[in-house]
Amino acid sequence: MSVDNPVMGTTARTVESKRRLGVPAVTFMIIAASAPLTVLAGGVTTTFAVTGVTGVPLSFLVLGGILALFAVGYAAMSRYVTNAGAFYAYIAQGISRPSGVGASLVALMAYNLMQVGIYGLFGFTVSSLLSARLGISVPWWIPVLVCIAIVGWLGVNRVDLSAKVLGVLVALEFLVVIVYDVISLAVAPEGVSAATFSPETLFVPGIGAVLSFGIAAFMGFESAAIYGEESKDPRRTVARATFAAVGIIAVFYAVSAWAMTMGAGPSAVIATATENGPDMIFAFLGANGGVLLSDIAQLLFVTSLFAALVSFHNAVARYFFSLGRERVLPSALAKVRA
């Protein structure tokens, strides 16, 4: 079946059998990029420690509301423009092709830099975990090379394979964070309250830093559009997946950050996060849930990074594909497996 490309007026061949992704699959792809366990263990604890603001749980709801407003227009575009280039296609159609090319290059640079940073964190984390748990000394770059090979292999296979892998990994991340939340609320040394959802805990000096850290938790929320050509019903899938991802991320992180404050105690969460950093969650689970649970959480922290890498790789690959197809980049990048 031929589908008109609204950006260049060319014709892109889309085989109906390749439309394999539904709303759940695309939603998992988006959430994987935000790496839930990584955000909670690294991002939220760092936000508490650096800003000294206890209203972090409320910040996720505020940011979710703001992004939902953006998503209204973004999702509406998906009903008229279906293109793996996402921002490139939207901006080229709505403003001009040069503007679209510029936006796509910024997106490519950003996604690739995220990959570089996460690969480094992945290598360091795996190397440290092997040394601490098994006494095996492995240079950080060896896990990185292995990870690159696996991510590359998934990238050249059917997209629904990546979706299934990410679905399992993200589900396990959610499960371990939910367990952490339940234990935190059960321990609650100062009792359970909604104090950290109060506006006066967020709208204080330092709110800018809190929002700056918090917005990183939503990274990749816009990526539903890049799967439009591979979605079963792009006119509905992209919009629904975008709204679902924003809503799930906002609520899930808000509840988990709130549970963190309850587990440590609102008056002590800043000091605890400052002292323990990203190990705060794992130390808490080890002390209150057992060493095995802590080890499982640390292993899932590694798989969380891997899932994010797969998601960002998919985004980069589709931008290259779209720009190659439009002859912005070498046309060889537009070749796909039969």
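I take contact to mean heavy atoms within 4.5 Å, and I apply this to a predicted model.

**Entry: Phe122 and the core.** I looked up what Phe122 touches and, leaving aside residues up to four places away in sequence, I found Pro143, Cys147, Val302, Leu305, Phe306 and Leu309. I then turned to the largest nonpolar core, which has 95 residues, and noted that Phe122 and Phe306 are among those with the most contacts inside it, a group that also includes Val44, Phe60 and Met260. Helix α13 gives the most to this core, with 16 residues.

**Entry: helix α1.** I checked the span of α1, residues 23-34, and its 12 residues reach 17 Å from the first C-alpha to the last, close to the 16 Å expected at 1.5 Å a residue. The helix is mostly covered, since I find 9 of its 12 residues buried, and I list these as Ala25, Val26, Thr27, Met29, Ile30, Ile31, Ala32, Ala33 and Ser34. What covers them includes α2 (36-51), α7 (159-187), α10 (234-264) and α13 (291-325).

**Entry: a surface patch.** I also looked up a nonpolar surface patch of about 660 Å², which is made by Trp140, Trp141, Ile142, Leu145, Val146, Ile148 and Ile150. I placed Ile150 in helix α6, residues 141-155. Why does Ile150 count as partly exposed? Its relative accessible area is 38%, and I call it partly exposed because buried means under 20% and exposed means over 50%.

Conventions. Residues are numbered from 1 along each chain as its sequence is written. This is a predicted model: local features need pLDDT of at least 70, side-chain atom pairs count only at pLDDT 80 or more; totals for chains, interfaces and linings use all residues. Side-chain values use heavy atoms; hydrogens and water are left out. Patches are made of residues with over 30% relative accessible area and no salt bridge: like charges are joined within 9 Å, nonpolar side chains (Val, Leu, Ile, Met, Phe, Trp, Tyr) within 5 Å. Accessible areas come from the Shrake-Rupley method with a 1.4 Å probe; for residues, only the protein chains shown count as cover. A salt bridge is a side-chain nitrogen of Lys or Arg within 4 Å of a carboxyl oxygen of Asp or Glu. Helices (H or I, at least four residues) and strands (E, at least two) are DSSP runs, numbered from the N terminus. Buried means under 20% relative accessible area, exposed over 50%, partly exposed in between (1.4 Å probe, protein chains only). The expected span of a helix is 1.5 Å times one less than its number of residues. A nonpolar core is a set of buried Ala, Val, Leu, Ile, Met, Phe, Trp, Tyr and Cys residues joined through side-chain atoms within 4.5 Å.
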